[in-house]
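Subject: Structure handover

Hi,

Here is the structure I promised to pass on. Please load it before you read the notes below.

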Amino acid sequence: MSDETQVGIIGAGPAGLMLSHLLHRQGIASVVLERRSRDYVERRVRAGVLEQGSTDLLASSGVGERMTREGLVHDGIKLRFAGEEHRIDFRRLTGRGITVYGQQEVVKDLINQRLADGGEIWFEVEATAVEGIEDHEPSIAYHRNGEAATLDCEFVAGCDGSHGIARAALGAESFERSYPFSWLGILAKTPPTSDELIYAYHERGFALHSMRSPEISRLYLQVDAGDSMDQWPEARIWEELRLRLAERNLEPGEIMEDGITPMRSLVTEPMQRGRLFLAGDAAHIVPATGAKGMNLALADVKLLGEALTAWYRSTSADLLETYSDRCLQRVWRAEHFSAWMTALLHRDPAGDPFEHKLQLSYLRYVTTSHAAATTLAENYVGFDGG
Ligand code: APR
Ligand code: PHB
């Protein structure tokens with residue numbers, strides 16, 4: 001069995017879905033291959049912070065209606081450490097805020113729109129290889145119900161996340177860093193105790209208080225790399241959250257979802273070869289502390305969509321040729337910011353007391369110096385000038 005399309009897209013996360021939506025708006029056909037089921041993809045809980053550039057893209061491309069209605073606009077965050085609380089006022093420092101709206105909601109909105117537009121998303125279809133990217137006739141080999149087949153395309157977009165096949169198929173150099181800790185995240189039926197996110201640095205480790213709605217909280221704890229959920233019974237999670245967040249009002253509620261995610265930084269450079277272009281987590285991974293993952297994915301596909309549109313309109317390859325270079329400016333800024341936020345807020349299990357004192361000093365600096373607070377704020381809300 002063989003099929004064909006203009007752009008073959010591997011992966012139905014925010015990157016692949018948004019790309020296919022943007023291409024459709026320009027009259028360019030695509031097929032999205034997704035190894036998981038629709039239900040799985042829509043339920044997968046991930047981070048939920050949108051920069052202004054991301055909300056603008058969702059709204060201007062016609063998929064922002066529910067986000068505008070249900071997303072929670074935040075003008076700042078709180079930092080807690082050493083018994084103190086400080087607010088970083090993004091609006092005052094940068095003129096911008098952020099929108100808290102779960103990645104899985106963005107995914108649902110995009111899937112609904114693609115299907116309403118007659119778009120092709122092939123669920124439970126696993127891409128196994130990308131071929132012919134140096135020729136002008138690339139193809140994606142895939143498996144559906146155990147049967148092998150091929151999708152012939154003009155371009156391939158590798159939007160298959162951190163565990164996909166496209167990065168290896170591209171074969172570029174990767175720059176990587178791992179961390180000696182992970183994040184345990186829960187989604188719980190308990191009202192957020194603060195109307196803004198709380199990032200807490202504590203001797204016992206980092207904790208984050210986020211939310212999805214006035215009834216649902218999203219909470220995270222730094223745990224050791226290699227920890228598993230059996231080491232974290234519910235009572236221990238709540239106790240540790242209360243201690244680290246210094247939040248007596250946090251009421252344990254039904255845990256609707258839990259999981260442990262390793263912290264990792266990775267950049268593949270360049271993000272393109274021949275007719276294969278990577279976008280989102282397939283090309284770069286950030287530790288979740290800076291909440292940049294989904295924003296980078298959306299920023300990549302905005303550029304890729306424009307570059308493919310220019311190609312199909314006028315066979316101009318200029319934007320395609322510079323795609324990776326233009327993405328990587330933003331990517332490296334976000335990588336730096338995410339690694340910096342991670343170092344600032346986590347306890348290194350092997351760290352010495354001197355390191356702890358340095359972290360406290362830097363936290364005080366960030367919360368008292370206008371210049372340092374502005375640096376944090378302008379990176380958090382999304383820095384476009386890189
Ligand atoms: N064939 C088909 N689909 C695949 C394959 C494959 N071989 N490998 C992976 N996939 C799918 C995954 O099941 C997933 O649905 O690719 C999709 C990739 O989606 P995401 O992981 O959401 O990646 P991306 O769209 O780049 O979005 C980045 O996701 O992990 C978060 O923190 C990250 O917020 C960031 C966002
Ligand atoms: C989330 O709401 O899931 C979230 C918020 C901020 C982060 C990471 C995750 O830095």
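Predicted model: local features only at pLDDT ≥ 70, side-chain atom pairs only at ≥ 80, totals over all residues.

Ligand 1

There are 25 residues around ligand 1. E34, R44, R46, Q103 and D281 come nearest.

- R46 uses a polar side-chain atom, 2.8 Å from an oxygen atom of ligand 1.
- D281 uses a backbone N or O atom, 2.8 Å from an oxygen atom of ligand 1.
- P14 also uses a backbone N or O atom, here 3.2 Å from an oxygen atom of ligand 1.

So much for that site; now the other one.

Ligand 2

- S210 places a polar side-chain atom 2.6 Å from an oxygen atom of ligand 2.
- Y220 places a polar side-chain atom 2.6 Å from an oxygen atom of ligand 2.
- T289 comes in through the backbone, with an N or O atom 3.0 Å from an oxygen atom of ligand 2.

Helix packing: α9 and α11

Packed helix pairs are described by the angle and the distance between their axes. Helix α9 spans residues 293-314 and helix α11 spans residues 323-345. Their axes come within 10 Å and cross at roughly 165°. The cut-off for roughly antiparallel is over 145 degrees, so α9 and α11 are roughly antiparallel to each other. The crossing is right-handed. On the α9 side, the contact is made by L296, A299, D300, L303 and L304. On the α11 side, Y323, R326, C327, R330, V331 and A334 take part. By class, the contact of α9 with α11 has 8 nonpolar, no polar and 3 charged residues.

Helix packing: α11 and α13

α11 also packs against helix α13, residues 370-381. The angle is about 125° and the axes are 10 Å apart. That angle makes α11 oblique to α13. The crossing of α11 and α13 is left-handed. From α11, the residues in contact are R333, F337, W340 and M341. They meet L376, N379 and Y380 of α13. By class, this contact of α11 with α13 has 5 nonpolar, 1 polar and 1 charged residues.

Which residues of α11 meet α13, if you want one selection to start from? Take R333, F337, W340 and M341.

Best wishes

How values were computed:
Residues numbered from 1 in each chain as written. Chains lettered and ligands numbered in written order. Heavy atoms only, no water. Axes fitted to C-alpha atoms, helices over the stretch in contact; angles between N-to-C directions. Helix = DSSP H or I, 4+ residues; strand = E, 2+ residues; numbered from the N terminus. Parallel < 35°, antiparallel > 145°, perpendicular 65-115°, else oblique. Left-handed = near helix turned anticlockwise from the far one by under 90°. Contact = heavy atoms within 4.5 Å. Nonpolar A, V, L, I, M, F, W, Y, C, P; charged D, E, K, R; others polar. Polar contact = N/O pair within 3.5 Å; in protein donor to acceptor, adjacent residues only side chain to side chain. Near = heavy atom within 4 Å.
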